[in-house]
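Thanks for making time this morning.

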Amino acid sequence: MSKLYQNKNKKKLQPPGEDLKPLQIDETIVSGLVNKQREHFKEELLNSMTNLIEQMESMGFLNVSSLFEDDDFNVEEFEEKMEKILGTDDLEVTSKTLNRYLKYLKAQIKLPCYLTGTEEFIWEEEYLYGSGSSSEYEKLKKTNPSYTDIFLLGQFQDKTDEMEGILVDVKRVSDNRKFTIPLAELKVSDEDSPNFSLIEDYLTWFVNYL
């Protein structure tokens with residue numbers, strides 16, 4: 001625990017004199033500081049994600065090399081498709097591009113659309129890989145969405161989030177319980193459905209251009 005040191009000989013502050021001029025703040029400097037803080041946050045986030053991927057790979061939960069083994073995936077074709085959807089060659093995930101993708105999906109998705117989890121939801125990790133008990137896990141699955149559940153797409157949320165992306169309202173088929181889940185955590189349960197590639201493309205874009 002850090003200790004707080006105080007200077008016993010610290011002089012008392014004197015009240016400002018009448019001859020002191022008011023402090024002028026350079027808005028350019030303030031703007032520069034904000035931009036530096038934003039860049040520092042992005043760097044910290046990138047480092048955290050990199051460390052997480054390395055840890056998952058070392059523990060055997062992820063094989064990074066296998067992510068690039070799909071010979072059928074053409075990066076140039078994919079980016080051309082994204083440019084058409086987003087209406088720009090800047091494919092970075094932003095509020096603007098998320099809203100454009102949301103508009104596109106609303107127009108393209110065919111209902112009914114059944115979804116399931118792409119992988120374990122965050123709350124499930126403690127029970128699947130940690131010290132959480134299986135009995136408690138089964139109990140919590142009754143009130144929380146699980147990656148093994150099948151959901152029926154209800155509607156897209158109008159507001160997007162730069163960290164979570166597009167959000168969707170879904171209903172669990174087994175008990176009709178409703179949830180709001182980031183679309184990037186879901187996939188179409190039927191690979192033969194025309195909706196499958198639509199959601200898969202969104203997930204690929206969101207994960208790689210965030």
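This is a predicted model: local features need pLDDT of at least 70, side-chain atom pairs count only at pLDDT 80 or more; totals for chains, interfaces and linings use all residues.

Let me begin with helix H3, which covers residues 95-108 and so has 14 residues, and which reaches 20 Å from its first C-alpha to its last, close to the 20 Å expected at 1.5 Å a residue. Within H3, the residues Thr97, Leu98, Tyr101, Leu102 and Leu105 are buried. They lie on the same side of H3, because they cover an arc of only 140 degrees around the axis. In general, an α-helix has 3.6 residues a turn, so residues three or four places apart point the same way. On the other side of H3 we find Lys96, Lys103 and Ala107, which are exposed.

Turning to the strands, E1, residues 114-117, runs antiparallel to E2 and is joined to it by 2 bridges, while E2 and strand E3, residues 167-172, pair in the antiparallel sense over 5 bridges. Which residue in E3 is the bridge partner of phenylalanine 151? That partner is arginine 172, and phenylalanine 151, in E2, is in turn the bridge partner of leucine 115.

Finally, the loop between helix H5, residues 134-140, and strand E2, residues 151-156, holds isoleucine 150. Isoleucine 150 has 34% relative accessibility, and therefore counts as partly exposed. Together with Tyr114 and Val173, Ile150 makes a nonpolar surface patch of about 240 Å².

Technical notes:
Residues are numbered from 1 along each chain as its sequence is written. Side-chain values use heavy atoms; hydrogens and water are left out. Patches are made of residues with over 30% relative accessible area and no salt bridge: like charges are joined within 9 Å, nonpolar side chains (Val, Leu, Ile, Met, Phe, Trp, Tyr) within 5 Å. Accessible areas come from the Shrake-Rupley method with a 1.4 Å probe; for residues, only the protein chains shown count as cover. A salt bridge is a side-chain nitrogen of Lys or Arg within 4 Å of a carboxyl oxygen of Asp or Glu. Helices (H or I, at least four residues) and strands (E, at least two) are DSSP runs, numbered from the N terminus. Buried means under 20% relative accessible area, exposed over 50%, partly exposed in between (1.4 Å probe, protein chains only). Two strands pair if DSSP finds at least two bridges between them. The arc is that of the directions from the helix axis to the C-beta atoms.
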